[in-house]
Amino acid sequence: MLVVAVAGCGAGQAKGDLLERVKAAGVIRVAQTQANPPWNFLENGKPAGYDVDVANELAKRLGIARVEFVPSNFQSFIAGVQAGRFDAVISGQTITEERKKQVDFSRPYEVNGISIFVAAGSDISGLADLNGKKVAVTAGTTQAAFAKKSIPGADIKTYDNATLGLTEVARSRADAALVSRFQGAFLAQKNGLTVKPAGPLLESEVNGISFAKGSTTFKQAVDKALGDMISEGTLTAISKKWLGGLDMAEQLKGV
């Protein structure tokens, strides 16, 4: 009985130590794709975007001196958290029931929506038009899962990032791409790609910050900091800077 009790206390302590550990280290390791603008990307070799500003603001509010941004991808986020390769993922990761079985999530800090992007002059206007078409998606994303589930007749092509998928559409090597509406519009403008969103949003996504399961104290601190950022207007300022004037705090109401 004594052994069981001690083991139980040790496990509980380990689960609750993330906040203390990163504060003591003076650094929090945050995973991002660094290829997902306007959310997170490299600008002149340095991390930039909405997620980067959110991560830096959170660290400041949690009393953590520095953020170390770790490049990763959607396929590796959960395994990386579980293995301790990074402390948190702040990279537009959608909160799903399946992922919640493997990692813990903060309260939502952004919402997103899937759009169909097509080349100028395309007659594709909705989901039904994608059957039998070549559709580009980013590997490991919810857009990829949505395409496989909802467009069984499509030829799904996976790419490492959304820029590659949209470029394939612009060059007529794919008929359409499924991308976040905000991201797709940003990338099209930045890279001079003649693509555009077609039809209504296919599905809305609610995104959170993920970290190791059982990190109760860390979650409480992050949720409070995000709540303060929303109520004080900080998240509004960050989102308007990166998302073409969109007020993310307004979008999060009722989520």
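Predicted model: local features only at pLDDT ≥ 70, side-chain atom pairs only at ≥ 80, totals over all residues.
**Cavity**

How many cavities of 30 Å³ or more does the structure hold? I found one. The volume of the largest cavity is about 60 Å³. I listed its lining next: Ile-28, Val-30, Ala-55, Leu-58, Ala-59, Leu-62, Val-67, Ile-90, Ile-209, Phe-218 and Val-222. E1, H3 and H9 are the elements that give two or more residues to this lining. Which element gives the most? H3 does, with four residues.

I then turned to open space. The largest pocket holds about 340 Å³. I counted 29 lining residues, and the closest to the pocket centre are Thr-33, Asn-36, Phe-74, Thr-138 and Thr-141. Two or more lining residues come from each of E2, E6, strand E8 (110-119), helix H6 (142-150), strand E11 (176-180) and E12.

**Cores**

I looked up the nonpolar cores. The largest has 37 residues. Which of them touch the most other members? They are Tyr-50, Val-54, Leu-58, Ile-209 and Met-248. I traced the core back to its elements: helix H2 (18-25), strand E1 (27-32), H3, strand E5 (66-71), strand E6 (88-94), strand E12 (195-211), H9 and H10 each supply at least two residues. H3 gives the most to this core, with seven residues. I also noted a second, separate core of 15 residues, with Ile-114, Ala-154, Leu-178 and Ala-198 among them.

Tyr-50 touches Pro-38, Trp-39, Tyr-109, Glu-110, Leu-235, Ile-238, Ser-239, Trp-242, Leu-243 and Met-248.

**Helix H10**

Just after H10, Gly-244 takes a positive phi of about 60°.

**Sheet E2-E3-E4**

I looked at a sheet of three strands. It is open, has the order E2-E3-E4, and its pairing is antiparallel. Which strands are at the edges? Strand E2 (35-36) and strand E4 (46-48) are, and each pairs on one side only.

I went through the pairs. Two bridges join E2 to E3. Ala-35 has Phe-41 in E3 as its bridge partner. Three bridges join E3 (residues 40-43) to E4. Phe-41 stands opposite Ala-48 in E4.

Both turns make hairpins. Three residues lie between E2 and E3. Two residues lie between E3 and E4.

Most residues other than glycine have a negative phi, and most peptide bonds are trans.

- Pro-37 and Pro-38 are joined by a cis peptide bond, with omega about 0°. Pro-38 lies in the loop between E2 and E3.
- Gln-34 has a positive phi, near 60°, and is not a glycine. I placed Gln-34 in the loop between E1 and E2.
- Asn-44 has a positive phi of about 55°, again without being a glycine. Asn-44 is in the loop between E3 and E4.

Are Gln-34 and Asn-44 buried or exposed? Gln-34 counts as buried because its relative accessibility is 15%, under the 20% cut-off. Asn-44 counts as exposed because its relative accessibility is 79%, over the 50% cut-off.

**Ser-91**

Ser-91 is in strand E6. Why does Ser-91 count as buried? Its relative accessible area is 0%. A polar atom of the Ser-91 side chain lies 3.3 Å from the backbone nitrogen of Thr-33. Thr-33 is also one of the residues closest to the centre of the largest pocket.

I listed the contacts of Ser-91, leaving out neighbours within four places in sequence. They are Ala-31, Gln-32, Thr-33, Asn-36, Asn-40, Asp-51, Phe-74, Phe-77 and Tyr-109. Tyr-109 is also in contact with Tyr-50.

Key. Residues numbered from 1 in each chain as written. Heavy atoms only, no water. Pairing = 2+ DSSP bridges. Core = buried A, V, L, I, M, F, W, Y, C linked by side-chain atoms within 4.5 Å. Buried < 20%, exposed > 50% of the residue type's maximum accessible area, 1.4 Å probe, protein only. Contact = heavy atoms within 4.5 Å. Polar contact = N/O pair within 3.5 Å; in protein donor to acceptor, adjacent residues only side chain to side chain. 1 Å grid on protein atoms, 1.4 Å probe; cavity = no way out; pocket = protein on both sides within 12 Å on 5 of 7 lines; lining within 4 Å. Points joined across faces, edges and corners; volume = space filled by probe spheres on them.
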